[in-house]
Amino acid sequence: MSEHAKMMPRSPGGPSPSPRKPVDTACCGASFLAEFFHMFNLVFLLGGLAVLGVGVWTISDHLAYAPLLSTVTYAECAWVLALAGVLVVVTAVLGCVGVWRRNRCLLLGYTFLLLLIFLLEAMVGVLAYVYKENVETELAVNLNRTFMDFYSVDAAKTEAIDRMQREYKCCGAQTYEEWRLSAWMKSSARDKRSKVPNSCCKTETSSSGAPCGASDHPSNIPHTGCFHRLLEELRRQLEVLGAVGLGLSVIQVFGMLLSCALYIKLRGLVGGAGD
């Protein structure tokens, strides 16, 4: 044996074990990605609360006239956006737990939920903008028929029409004169003195004892219809739904990339919780 070999130190228990892989703390390492993930998750959660808020606001304040529409697209956009907001809250909590426990299974579930939320928000955004371009045609075809055929016949539509005429200060779909040919005018439940529903009146109380709708004079009722005001309201709200859906769906794309990168990093660490 050579003199050099004799002088080399030997391990008392045989060959020395290979060094353990150090925890990756460099830029783009697991620790860095975990810290960055928490910052992203906070932004993600705030965006989700905004989505949920817009969805709930639309449902509570802007779906009163949905029964007057011939499709359910408008209502579906609002409900799906609210659902996406709820999923964001659940997903953000799941992501925090997954990173804290270094659990790759939870991170994988987090990524799939991000994909689902992205699809829901993108769908709402696209539907809202497409429907915004078509809602005028739908109203032009169906709103007048709804006023003429369903007022006093369908309770939900009757309530929506009354509320709209009071809130918008309008009477009829296009003009107050349409009420003369309506099913309501032929109804036995109508006060025979009424020319228009009482919800058309500027002041619904009458001192003469006759219903306020007995007079169709401009001093008593507005002569403008509700069509243009309803169209303006729907377009404005659909634009909000579309902007929120498409705009915030971008966050999910970034989140999926980040969670995938963190998943790969955790898989390479020794003793990972998901191994």
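In α5, the buried residues are Lys157, Thr158, Ala160, Ile161, Asp162, Met164, Gln165 and Tyr168; buried means under 20% relative accessible area, exposed over 50% and partly exposed in between, with a 1.4 Å probe and protein chains only. The model is predicted, so local features need pLDDT of at least 70 and side-chain atom pairs pLDDT 80 or more, while totals for chains, interfaces and linings use all residues. Residues are numbered from 1 along each chain as its sequence is written, and side-chain values use heavy atoms, without hydrogens or water.

Helix α5 covers residues 155-168; helices are DSSP runs of H or I with at least four residues, numbered from the N terminus. Its 14 residues reach 20 Å from first C-alpha to last, close to the 20 Å expected at 1.5 Å a residue, where the expected span is 1.5 Å times one less than the number of residues. At the start of α5, a side-chain oxygen of aspartate 154 comes to within 3.0 Å of the backbone nitrogen of alanine 156. After α5 comes lysine 169, with a positive phi near 55°.

Glutamine 252 belongs to helix α6 (residues 227-268). This glutamine counts as buried because its relative accessibility is 2%. Apart from neighbours within four places in sequence, glutamine 252 contacts Phe44, Leu114, Ile117, Phe118 and Glu121, contact being heavy atoms within 4.5 Å.

Leucine 108 is part of helix α4 (residues 104-150). With a relative accessible area of 38%, leucine 108 is partly exposed.

Notes
Helix = DSSP H or I, 4+ residues; strand = E, 2+ residues; numbered from the N terminus. Polar contact = N/O pair within 3.5 Å; in protein donor to acceptor, adjacent residues only side chain to side chain.
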